[in-house]
Amino acid sequence: DVIKAVNIALNRSYQKTSIVHYDAFKGMGGQFSFAVTMLDRNDNGILLNCIHSRESCYLYMKEVKEGKCDVALSKEESQSLEEARKKH
């Protein structure tokens, strides 16, 4: 029973991650913006996108289910998601 409980918990924990750094404003903010994906074994999890400028910082979260997101993804978000999904 203990091993079964540990396996269930492990399947739900984030096991696959990826981070993509980028310059959101082409020369105005540096490469401080980033997209981070955290997925469990079944490719469920979250994608965080932090957009940094000189004046502010915005953080967006998107839910990922079975490796897909219901809302449109930016190029950097798509790259982060695909990199995380490839990990075992």
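Two strands count as paired if DSSP finds at least two bridges between them. Strands (E, at least two residues) and helices (H or I, at least four) are DSSP runs, numbered from the N terminus. Within this pair, Ile51 stands opposite Tyr58 in β4. β3 and β4 form a hairpin, with 4 residues between them.

A word on what you are looking at. This is a predicted model, in which local features need pLDDT of at least 70 and side-chain atom pairs count only at pLDDT 80 or more, while totals for chains, interfaces and linings use all residues. Residues are numbered from 1 along each chain as its sequence is written, and side-chain values use heavy atoms, with hydrogens and water left out.

How confident is the predictor? The score to read is pLDDT, the predictor's confidence in each residue, from 0 to 100. The protein averages a pLDDT of 93, and 97% of the residues score at least 70. Among the elements, helix α1 (residues 2-12) has the lowest mean pLDDT, 91. Helix α2 (residues 75-86) has the highest, 98.

Now widen the view to the sheet. It is an open sheet of 4 strands, in the order β1-β2-β3-β4, with antiparallel pairing. β1 and β4 (57-64) stand at the edges. Each has a single partner strand, so one side of each is left without a neighbour in the sheet. The twist averages 10° from one strand to the next. Angles here run from 0 to 180 degrees between N-to-C directions, and axes are lines fitted to C-alpha atoms, for helices over the stretch in contact.

Follow the sheet from β1. Strand β1 (residues 16-22) is joined to β2 by 7 bridges, and the two run antiparallel. Here the bridge partner of Val20 is Ala35 in β2. Next, 6 bridges join β2 to strand β3 (residues 45-52), again antiparallel. Phe34 has Cys50 in β3 as its bridge partner. Ala35 stands opposite Asn49 in β3.

Strand β2 (residues 33-39) is mostly covered: 5 of its 7 residues are buried. Buried means under 20% relative accessible area, exposed means over 50%, and partly exposed lies in between (1.4 Å probe, protein chains only).

Turn to the loop between β2 and β3. The hairpin of these strands has 5 residues between them. Asn42 is found in this loop. It is partly exposed, with a relative accessible area of 48%. Asp43 is buried, at a relative accessible area of 11%.

Glu66 has one of about 50°, and it is not a glycine either. Its place is the loop between β4 and α2. At 62% relative accessibility, Glu66 counts as exposed.

What does α2 pack on? Helix α2 packs on the sheet, touching β1, β2, β3 and β4. Its direction makes about 150° with that of β1. Contact means heavy atoms within 4.5 Å.

Glu77 is found in α2. It counts as buried, at 3% relative accessibility. Leaving aside neighbours within four places in sequence, Glu77 is in contact with Ala35, Leu47, Asn49, Lys62 and Ala72. With Asn49, it makes a polar contact between side chains, at 3.1 Å. A polar contact is a pair of N or O atoms within 3.5 Å; within protein, one must be able to donate a hydrogen and the other to accept it, and residues adjacent in sequence count only if both atoms are side-chain atoms.

Finish with the nonpolar core. In soluble globular proteins, nonpolar side chains tend to be buried together. A nonpolar core is a set of buried Ala, Val, Leu, Ile, Met, Phe, Trp, Tyr and Cys residues joined through side-chain atoms within 4.5 Å. The largest one here has 5 residues: Leu39, Leu47, Val64, Leu81 and Ala84. Leu81 touches Thr37, Leu39, Leu47, Val64, Gly67 and Leu73, not counting residues up to four places away in sequence.
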